[in-house]
Amino acid sequence: MIVKHLRLPCLFIALSASPATAYISQSFSYDFYHQLTLEYGDDATARAKRWQSLLESSKLSSDWDKVNKINNFFNREIIYKTDSELWKKHDYWASPAETIGQGMGDCEDFVIAKFFSLIALGIPEEKLRLMYVRHLKVNQPHMVLLYTENKTAKTVVLDNFNPQILPTSLRRDLKPIYSFNGQGLWTAKAKGRGKKVTNSRGVSAWRDLVSKIEKNNI
């Protein structure tokens, strides 16, 4: 089913140095819920309220708790569905609001929703990376979210297929290809850390996604 896109309010997507937690309450406005219900129905509204409740209650949690709570929430609430099945497109990067509205998404949509939720909770962007990998067990491309607490900590993997958060060293079923965040793209070297590059599909898709959200076309 293809759903027409209404202009839903922007959800705390300003990628700036200022804490994003201040925007959580105002993002979940009456207009947001009203339009979400019109476009996706009552189930979507209930999901969004659970999302809001989680964000509100997690503001003062430790960063590690935030990572675990957000990972568990989206793995529990969202059903995996390919872009061709859900959007009738070969490749579509949904905004967090679209993923919550549909209650479905592919691996990229899981990662995007987790990334922006953690940003909203004040996790510094430099601690997060979106990583394209090859899932060796099924021999298919896949995307996961990486989190690194500090320079001496092990990088861990947030994944919709494997709900357990594990260090990259224990995810031998994943072969890194490249990683990126809002600051650019990195080729995969030494467990996902490598040389910054430009002019790639990842950078282009990321810019298109952020532009779509900032223009409220979500």
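What does the accessible surface of the protein come to, and what share of it belongs to carbon and sulfur atoms? I looked this up and got about 10700 Å², with 53% belonging to carbon and sulfur atoms; the areas come from the Shrake-Rupley method with a 1.4 Å probe, and for residues only the protein chains shown count as cover.

Notes on the source. I am working from a predicted model, in which local features need pLDDT of at least 70, side-chain atom pairs count only at pLDDT 80 or more, and totals for chains, interfaces and linings use all residues. Residues are numbered from 1 along each chain as its sequence is written, and side-chain values use heavy atoms, with hydrogens and water left out.

Overall. I found eight helices and nine strands, taken as DSSP runs (helices H or I, at least four residues; strands E, at least two) numbered from the N terminus. Of the 218 residues, 52% are buried (under 20% relative accessible area; exposed is over 50%, partly exposed in between; 1.4 Å probe, protein chains only).

Helix α4. I traced residues 63-77: the helix has 15 residues and reaches 21 Å from its first C-alpha to its last, close to the 21 Å expected (1.5 Å times one less than the number of residues). Its buried residues include Val 67, Ile 70, Phe 73 and Phe 74. Leaving aside neighbours within four places in sequence, I have Phe 74 in contact (heavy atoms within 4.5 Å) with Trp 51, Ile 100, Phe 110, Ala 113, Lys 114 and Ser 117.

Ser 61. I located this residue in the loop between α3 and α4. Ser 61 is buried, at 15% relative accessible area. Its side chain makes a polar contact with that of Lys 69 at 3.1 Å (N or O atoms within 3.5 Å; within protein, one must be able to donate a hydrogen and the other to accept it, and residues adjacent in sequence count only if both atoms are side-chain atoms).

Aromatic rings. I counted 13 pairs (Phe, Tyr and six-membered Trp rings with centres within 6.5 Å; planes under 30 degrees apart are stacked, over 60 edge-to-face, the rest tilted). The rings of Trp 64 and Tyr 147 have centres 6.4 Å apart and planes at 35°, so I logged the pair as tilted. Trp 64 is partly exposed at 41%, whereas Tyr 147 is buried at 1%.
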